[in-house]
Amino acid sequence: MTDKRFSSVWDALEDTPADAENMKLRSKLAMTLKDHITRQGMTQAEAAKAFGVTQPRISDLVRGKIDLFGLDALVNMASAAGLRIEMTILEAA
């Protein structure tokens, strides 16, 4: 048996490279939003109002339930939070 190495946990968990890339982007956005909430000292209710979502959605975000969020929703939340998103696209190895 050989040990297969993955560059990301998502590469190991997801069925396709496209699904893995999607989850990498979603997890990065979710972590950034969670960090923003913490840095700003916001309550979940305050974050929900600022991001234009409900408090239970913020609870899901803070608890790491990224499978419940699409890229569009996370981008919209980041924009509402006053964050700017930059993207870099590289050719696959």
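Which helix gives the most to the lining of the second largest pocket? It's α2, with four residues, and the close-ups below keep coming back to that helix. What you're looking at is a predicted model, where local features need pLDDT of at least 70, side-chain atom pairs count only at pLDDT 80 or more, and totals for chains, interfaces and linings use all residues. Residues are numbered from 1 along each chain as its sequence is written, and side-chain values use heavy atoms, with hydrogens and water left out.

**View 1. The largest pocket has a volume of about 430 Å³.** A pocket here is an open set of points on a 1 Å grid over the protein atoms alone where a 1.4 Å probe fits, with protein on both sides within 12 Å along at least five of seven lines; lining residues have an atom within 4 Å of a point. The lining holds 13 residues, and E21, K24, L25, T88 and L90 sit closest to the centre. By class, the lining is seven nonpolar, two polar and four charged, with Ala, Val, Leu, Ile, Met, Phe, Trp, Tyr, Cys and Pro taken as nonpolar, Asp, Glu, Lys and Arg as charged, and the others, Gly among them, as polar.

**View 2. The second largest pocket comes in at about 330 Å³.** Of its 13 lining residues, look for L25, K28, L29, I85 and E86 closest to the centre. Two or more lining residues come from each of α2 and α5 (71-80). The lining splits into eight nonpolar, two polar and three charged residues.

**View 3. Helix α2 crosses helix α4 (residues 55-62) at roughly 110 degrees, and their axes come within 9 Å.** Axes are lines fitted to C-alpha atoms, for helices over the stretch in contact, and angles run from 0 to 180 degrees between N-to-C directions. The two helices are therefore roughly perpendicular (65 to 115 degrees). On the α2 side the contact (heavy atoms within 4.5 Å) uses A30, L33, K34 and I37, and on the α4 side I58, L61 and V62. That makes six nonpolar, no polar and one charged residues.

**View 4. Helix α3 (residues 44-51) packs on α4 at about 105 degrees, with the axes 8 Å apart.** This pair is roughly perpendicular as well. From α3 you'll find Q44, A45, A47, A48 and F51 in the contact, facing Q55, I58, S59 and V62 of α4. Six of these residues are nonpolar, three polar and none charged.

Note on methods: Points joined across faces, edges and corners; volume = space filled by probe spheres on them. Parallel < 35°, antiparallel > 145°, perpendicular 65-115°, else oblique.
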